[in-house]
Amino acid sequence: MGVALTRAAQWTTASTGTGKLEITPQNETLLKDIQRFVEQFSARHPQEARHVFKEPLQWKTSLEASDFKTEYDISGASVVSHEKDKSGRPLLHLSPPVISVLSFSQLSKLLQVAKERKLKEVRACLEANRDPVVRILGPSFATVEGEDSSILRLLDKVKGGDPGGETELQVKLLILLQQLDTQLLSSSLKQISKEVRLSPAAVKNEVELLWSFCGPGEKGLLKSVNYTSDYEFSNGCRSPPWRQVHGEICYLIVEPCDAETLYITCSTAGVFLNKGVKQEAEESAYERESEVYKDLVSFLKAYSAHFGTQLITQDFAVQEEPPSTQKIPHVEAVDAEETGQSLRSYEHQEKNAHDRARQQQLTPSKSAGKKKLEPSPKWKGLGLPSPNQEAAEEKKKGKKAEKSSEKRAESPAKATRPDSKKKFGSFSGSSLPGHQSSHRTKVTVDDMSESSSESDEDEEQPERRPESNTDLPSEYWQIQKLVKYLKGGNQTATVIALCSMRDFNLAQETCQLAIRDVGGLEVLINLLATEEIKCKIGSLKILKEISHNQQIRRAIADLGGLQTMVCILDSPDKELKCLAAETIANVAKFRRARRTVRQHGGIKRLVELLDCVPDSAALTEEQERDVEVARCGALALWSCSKSTRNKDAIRRAGGIPLLARLLKSPHENMLIPVVGTLQECASEKSYRVAIQAEGMIEDLVKNLSCDNQELQMHCASAIFKCAEDKHTRDLVRRYEGLQPLVSLLSQSENKELLAATTGAIWKCSISMENVNMFKEYKALEILVGLLTNQPEEVLVNVVGALGECAQQPANRTTIRKSNGIPPLVNLLTGTNQALLVNVTRAVGACATEQENMAIIDRLDGVRLLWSLLKNPNPDVQASAAWAICPCIENAKDSGEMVRSFVGGLELIINLLKSTNGEVLASVCAAIAKIAKDEENLAVITDHGVVPMLAKLTNTTDDKLRRHLAEAIARCCMWGSNRVAFGEAGAVAPLVRYLRSKDPSVHQATAQALFQLSRDPNNCIIMHENAVVKLLIEMMGSTDEVLQEASAGCVANIRRLALANEKARYG
């Protein structure tokens, strides 16, 4: 089963998350075969079906407890099977939405229970367990490439004696699973053999044919057909190179006459709908949204009835000169990315370019014939020649000249690599359908899994090269001569050449590229593998300097330089260790390099370099060298720590206590990389706990008062990340770190330092004790002054801190007197999601004061908050809804204000359909406030608030329970809503709320039940659900509101009982 899932199944290539099985005929066939195999397994192989798996198969199921009947113990929502293993574990355990199964017999029964959902369950199981054989038989049976000797090992066990017959059973089970694999692969081959693959030429012909049938009115088959890109590669494809490796040919935007615009992907496998690929697409937009059709016409027949009908009747007009067939040069907005232009300005440039092209076609000029299609700058960086360039070169210089021009067009670093063609060769037609080396794809997926903590340099950058050799300075040629000496000279000549090379300005890009272009990097890296210490030192000194260049860094990684440098870290020579570590620090700026360091044991070796005595009063010369080695090791670890896996590797190698020791160093050049590493790693919870335990908070606070702004910034950033924990916040206050943070707010020119400082203040202000201290240090007035003319990363933190401080009434007054409310309201119009969450929280906190609310209302702040309910981000929606609650409560005429928002009540009611618990809780709280006004209550009742609230009552979230009960209590005040709640089944779940451990839930629930108990039918339901005993307990509470509501509800139930008795007995 594992081999078939690996080789035959078709998985999605989403950029984030785990892959899913695509909805294709081939996958459907596989799933049905597996389903039949599992269903029949118990009957055909009863002994093997009872075999207990090594680990349970677990997945998220759509089945519920009500689906299971006999042979199972059902307790609430959970289900366990009667069958258990030797240790007493149930062989099937459902704890919604997760189900665990430990045998084939239970899998067979599960499929019988699933009925029409069988395929859905099989799909979910396989997606969650990509190699199910590992869980069934154990890790030693994992699917591997090449020869699989697992069955031979089992047979050896059987020969050696198998008292319980367990191993023999495993052999039989493994043979059965391998037979299934063979069957699945065979059926997949049959399916693949039936497929007809498209080619770029076939797609182009089909598109050109459709162009001639496009036009307005009923006579046109389609309104329009357009490519998303006007640039065509030499292989006929129009898709970007990184999508061509997936077999994608081009993307179309088709406007049918009778349907919405279709965004289509044409690939070698067929034609399908994508998620909206336009000219500049997100990676997720390339994902498939529909079935795969054999060609474009078949696709359009399925999606446009008009197209299919007109095609059959042949009742359409042919356009003689369709404007879309005229080739319009595509002009890329080359500088849009660099100058930070908006998307709108980019589109405006595109439009103007097309308009100019059309004018030139109407009015021919001399220059019109010279226009050529140019690839996007991103593609130029890949070294892909355009078809026009190739044709021109062939005419001018012949085949030899063409070869040399192609060689120059490639990046020299790539040209020297033997595998460069695999990665960036021209995409020929033969390579398109998927015969490209899988190496590129695998590397990309692994890179994405590194979870870098900052924006990375993994994107290939276009190389800036001089137009001709005459533009190169003399140093370029001199360095190339020295490289030749390096290649051919003896040891003495090599050392002299290395020394001479260091005399040049190696920080200059021309000198760096000169070394690379002539093959000097290979020589320098080869020297690292020699036994000559001087050659190694000279080579590393040069590599250390030139590795600041991004292209050089990549070339070093491609040539295997990192592996050699990692080995040098074991050298007894301390200067060599320092140079190797510093060079690794420079090179490990991108994911692939960081992964290489980890995979070759570099992290452990770098951690070992940290072991020194940094804080001794008088260091010997040897100890000073050890300290320098540790500094260089910390620099390298700082670069490597941007990867999540490397952070874990540093921790496991024992790096935390060594970093804690180095943090006590008096030298700033040592502290900067150490604190830099710690603040990178502080994003992981294990590090935050360790930073507390190792007493590092005191040292971080102490270094806030130093003179080095970079060190201050890293310390503040580390505190920012660690202060999520209350104990850390208390430690910062105990070690008097709050005042230095406030004093750093004056460094407003250094935006990085300001962002880190405001972040630390924000997180520290979560503790009210710290807020009191900030109040003494006049921090609020300074923070209000930072609400304007600051970058977003600073504003997010400033507003977050004000939101926390505004929880105290005195601070809300201070914010108002400092004129902080207008800039806060202005920020509600932004687009940064994190900023909007913090701003709405701050505005909501300020709105609890009536004077502040008057200012917010005057500035139209409530309308802005209400408009944020349309934001697609659930965090923003929830935060906006929470902020609306105090606004409604403290506005002068809140009922009229709410009604003045056109469609506002309908909008907030529709949010009850959300699946986010926080959004639901906040919206219920807002509805409870809105429903205080009778007219608004009538309106929301008409919008269907009662059944929507009733539908939410089965929740187990106490926060949602509380606000939902409040909303229900308020909504009972109108018309027949009490009766409607009872009919919608809201009463019985509310009774269960009284068993909650949260007292605030009890109060709101008792009020809701009191209102509902005014309807006799609701009283009967409450009594049937044993509410009286629970309410009597609540009547003994010290909360007067809870007492009164509980007593009122019991009284209503008792009155109904007395009335019944009176009616019955007279």
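Four strands build an open sheet in the order β6-β7-β8-β9, with antiparallel pairing. Strands pair if DSSP finds at least two bridges between them. Helices (H or I, at least four residues) and strands (E, at least two) are DSSP runs, numbered from the N terminus. This is a predicted model: local features need pLDDT of at least 70, side-chain atom pairs count only at pLDDT 80 or more, and totals for chains, interfaces and linings use all residues. Residues are numbered from 1 along each chain as its sequence is written, and side-chain values use heavy atoms, with hydrogens and water left out.

**The sheet and its helix**

- The edge strands are β6 (222-227) and β9 (270-273), and each pairs on one side only.
- From one strand to the next, the twist averages 25 degrees.
- Six bridges link strand β7 (residues 248-256) to strand β8 (residues 262-267) in the antiparallel sense.
- Cys250 stands opposite Cys266 in β8.
- Helix α9 (residues 200-211) lies across β6, β7 and β8 and runs at about 145 degrees to β6.
- Axes are lines fitted to C-alpha atoms, for helices over the stretch in contact; angles run from 0 to 180 degrees between N-to-C directions.

**Helix α58**

- Asn1018, Cys1019 and Met1022 are buried in helix α58 (residues 1016-1024).
- These three residues cover an arc of only 105 degrees around the axis, which puts them on the same side of α58.
- The arc is that of the directions from the helix axis to the C-beta atoms.
- An α-helix has 3.6 residues a turn, so residues three or four places apart point the same way.
- Asn1017, His1023 and Glu1024 are exposed on the other side of α58.
- Buried means under 20% relative accessible area, exposed over 50%, and partly exposed in between (1.4 Å probe, protein chains only).
- The cover over the buried residues of α58 includes α55 (977-983), α56 (987-993), α57 (999-1012), α59 (1027-1035) and α60 (1040-1065).

**Asn1052**

- Asn1052 lies in helix α60.
- Asn1052 is buried, with a relative accessible area of 14%.
- Its side chain makes a polar contact of 2.8 Å with the side chain of Ser1013.
- The side chain of Asn1052 also makes a polar contact with the side chain of Arg1055 (2.8 Å).
- A polar contact is a pair of N or O atoms within 3.5 Å; within protein, one must be able to donate a hydrogen and the other to accept it, and residues adjacent in sequence count only if both atoms are side-chain atoms.
- Leaving aside neighbours within four places in sequence, Asn1052 is in contact (heavy atoms within 4.5 Å) with Phe1010, Ser1013, Arg1014 and Cys1019.

**Arg729**

- Arg729 sits in helix α37 (residues 726-734).
- With a relative accessible area of 8%, Arg729 is buried.
- Arg729 and Ser767 are 38 residues apart along the chain, and their C-alpha atoms are separated by 7.1 Å.
- Beyond neighbours within four places in sequence, Arg729 is in contact with Ala723, Glu724, Lys763, Cys764, Ile766, Ser767 and Asn770.

**The whole chain**

- The chain holds 60 helices and nine strands.
- Of its 1066 residues, 49% count as buried.
- Among contacts in the chain with a separation of 6 or more, 68% come from residues 24 or more positions apart.
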